[in-house]
Amino acid sequence: MAAPAALAAPRPGLAARTADALWRRPGLTLFLMLTPPMLWLGIVYLGSLFALLLQSFFSIDEFSGLIVRELTLKTYGELLRPANFDIIIRTVTMAAAVTVAAAILAFPIAYFAARYARGRWKALFYLGVMLPLWSSYLVKVYAWKLILAKEGILTYILDGLGLMPVLELLLSVPVIGGTSLSVSYIGTFLVFLYVWLPFMILPMQAALERVPASLIEASGDLGATPGQALATVILPLALPGVVAGSIFTFSLTLGDYIIPQIVGSSRLFIGQAVYAHQGTAGNIPLAAAFTVVPIVIMGVYLWMAKRQGAFDAL
Amino acid sequence: MTTAVLFRQVSRHFGPVRAVDAVDLDIAEGEFFGMLGPSGSGKTTCLRLIAGFEQPSAGHIEIFGETAEGVPPYRRNVNTVFQDYALFPHLNVLDNVAYGLMVRKVPRAERHARAEEALAMVKLAGYGARRPAALSGGQRQRVALARALVNRPRVLLLDEPLGALDLKLREQMQEELKALQQSLGITFVFVTHDQGEALSMADRVAVFNEGRIVQVGTPQQIYDRPRTRFVADFVGSSNVLPPALTRALGGPEAWASLRPEALRLTAPGAGRVSGTVAGLRYLGAATRIGVAVEGATLAALLPAGRPAPTPGEAVGLDWDPAALHPMEAG
């Protein structure tokens, strides 16, 4: 009886032969896999970004309203005019406040999910965090407008609890207050916080999950109180996740133009300014310059995070 | 002599699992104490009970005469060398070693000096600026050791300290650990599943099985006079003889242990018993020979250099009667 062949003959068919050919040329396989997404990313995404960047160096003729296609920094100069600069300061402050609050709120939830939740509880965690993302963003924002309105359910509950003076005190604070939560910066802040919180929780939880339990035990073993363990081991190791989450909350807040439109005072945020300038005002260069602001801020933020060693543990 | 660690009827249950079950333990100050057993036998849980990572479900633990229940790990003057070393990846070697001093607010200059000293003690002077990821397994182990010892603990716990190292390095570290323990005089408690490691390093060994301590004694006592079948089989894989066979080989009617190296090959009929060679296993320094005797197979160790029999050959076996060690039934 003949022994079976040690090396099987090539299998028939085009698919099998293609598989053999690709196996011998891993470089070609990689090229074929990466080309379509790279083309998409390169042309559609980076290309449009570059076009935008170019637009921001054009200017608008104030009399004719036509775009002057000559490279100039004049449009960036306009960003520094008080009306425009206020918009930038307002948006960056809001984004920073939302990010800090989201990080503080997300940490205990992410920590519980990463360290303690198992099986059913873990499923419940994912469901609880993801479920709000499944419903329309507009529906959620309008729901919040109703919740925060002067005649809304929040006022009703606070009234029932006898906490109206607290609300009134809060609303009487200059700048962030207003006639009701739904037309104040506090309201805008609360809705931003609600809508972007999952984007902070998920990367934080993933980062905390990667911190080995033995490192936390080791810090306690070496004499660190739970607070010291948090400050010297858990937070530094979870920092990449915190930074990733804060990139989401920060940049999403910087660019959003719907939430401040529906909930809040009528003062503009960057997103609204872009929307207004490229649409009704027809000032594409200024809209483009406004769009560059969040990009630059995120770049500076990432550079600082890297310098602080946020990615050293990766 | 002061008792460093004392367990009285200590149990640790995880749901229905009795990881540690009514354990009594007395570890003397300055002792090198080994906890030996297969995985899941409760030895690591005992170590974690001393460190404070686990709290007993029942029973009483004292560390240097003080009640340890309810005392968190960070208030115990006990340090651990973890099985995976648990070095902090975001800190360099010096800051890893100085960590325990840092959280106790020792001034920077002093803690760095002491950390340097500890690194020199484990022969890693000058490695302070490196990251743990840039070190070899053996070097990481030394850093973990320095990081624990810099705190001058009363008890040092080592969880499978040499498990991840290759054979050569393991033997070298065994000697170094032993020398370090003797020069420092600190109580060392280590956990291992490697009987050779336990016998060669420890002053005394506790053999664990199914959450209980089966036997405590010096390595000689454990090896020469195993108390139960489990100890005889786990430590040095002895010939474990059922009562009938012990009787047939000239002992009392009880379970007994007969060490393979105590058996000598003789000509057929010349020894205490005759049999045929069932199989050979070459081990380098010796050859382990299975001899079929009285319906059982006895293992005999033949030192290298002696002529080895061939399978099927008739041989005799002889031994010193004192080598036949009767045991409890357990």
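1. Helix pair in chain B. In this predicted model, helix α2 (residues 93-103) of chain B packs on helix α4 (residues 137-149) of chain B at an angle of about 30 degrees, and the axes lie 7 Å apart. Axes here are lines fitted to C-alpha atoms, for helices over the stretch in contact, with angles running from 0 to 180 degrees between N-to-C directions. Helices (H or I, at least four residues) and strands (E, at least two) are DSSP runs, numbered from the N terminus. α2(B) and α4(B) are therefore roughly parallel to each other. The scheme is this: angles under 35 degrees count as roughly parallel, over 145 as roughly antiparallel, 65 to 115 as roughly perpendicular, and the rest as oblique. The crossing of α2(B) and α4(B) is right-handed.

2. From α2(B) come B:Val93, B:Asn96, B:Val97, B:Tyr99 and B:Gly100; they meet B:Val143, B:Ala146 and B:Arg147 of α4(B). Contact is defined by C-beta atoms, placed from the backbone, that lie within 7 Å. By class, the contact of α2(B) with α4(B) has 5 nonpolar, 2 polar and 1 charged residues. Ala, Val, Leu, Ile, Met, Phe, Trp, Tyr, Cys and Pro count as nonpolar; Asp, Glu, Lys and Arg count as charged; the others, Gly among them, count as polar.

3. Basis of the numbering and the cut-offs. Residues are numbered from 1 along each chain as its sequence is written, while chains are lettered from A and ligands numbered from 1 in the order in which they are written. The model is predicted, and local features need pLDDT of at least 70, side-chain atom pairs count only at pLDDT 80 or more, and totals for chains, interfaces and linings use all residues.

4. Chain B overall. Chain B has 9 helices and 18 strands. Its C-alpha trace spans about 75 × 45 × 35 Å along the principal axes. Of the 330 residues in chain B, 43% are buried. Buried means 20 or more other C-beta atoms within 10 Å of the residue's own, exposed means 12 or fewer, and partly exposed lies in between; C-beta atoms are placed from the backbone. Take the contacts in chain B between residues at least 6 apart in sequence: 62% join residues at least 24 apart.

5. B:Tyr85 is not a glycine, yet its phi is positive, about 70 degrees. B:Tyr85 sits in the loop between β6 (78-81) and α2 of chain B. B:Tyr85 counts as buried, with 23 C-beta neighbours inside 10 Å. B:Lys105, also a residue other than glycine, has a positive phi near 65 degrees. B:Lys105 lies in the loop between α2 and α3 (108-121) of chain B. B:Lys105 counts as exposed, with 8 C-beta neighbours inside 10 Å.

6. A sheet in chain B. Five strands form an open sheet in the order β13-β17-β14-β15-β16 (chain B), and the pairing is antiparallel. β13 (264-266) and β16 of chain B stand at the edges, each with a single partner strand, so one side of each has no neighbour in the sheet. The twist averages 50 degrees from one strand to the next. Pairing requires at least two DSSP bridges between two strands.

7. β14 (residues 273-282) and β15 (residues 286-293) of chain B pair in the antiparallel sense over 6 bridges. B:Arg281 has B:Arg288 in β15(B) as its bridge partner. The hairpin of β14(B) and β15(B) has 3 residues between the strands, and B:Gly284 in the turn has a positive phi of about 95 degrees. β15(B) pairs with β16 (residues 296-303) of chain B over 8 bridges, again antiparallel. There B:Thr287 has B:Leu302 of β16(B) as its bridge partner. This hairpin, β15(B) and β16(B), has 2 residues between the strands; B:Glu294 in the turn has a positive phi of about 50 degrees. β14(B) also pairs with β17 (residues 314-318) of chain B in the antiparallel sense, over 4 bridges, and B:Gly275 stands opposite B:Val315 in β17(B).

8. Chain A. Helix α7 (residues 153-160) of chain A is hardly covered: among its 8 residues, the count of buried residues is 0. Just after α7(A), A:Gly162 takes a positive phi of about 70 degrees.

Methods
Left-handed = near helix turned anticlockwise from the far one by under 90°. Contact = placed C-beta atoms within 7 Å.
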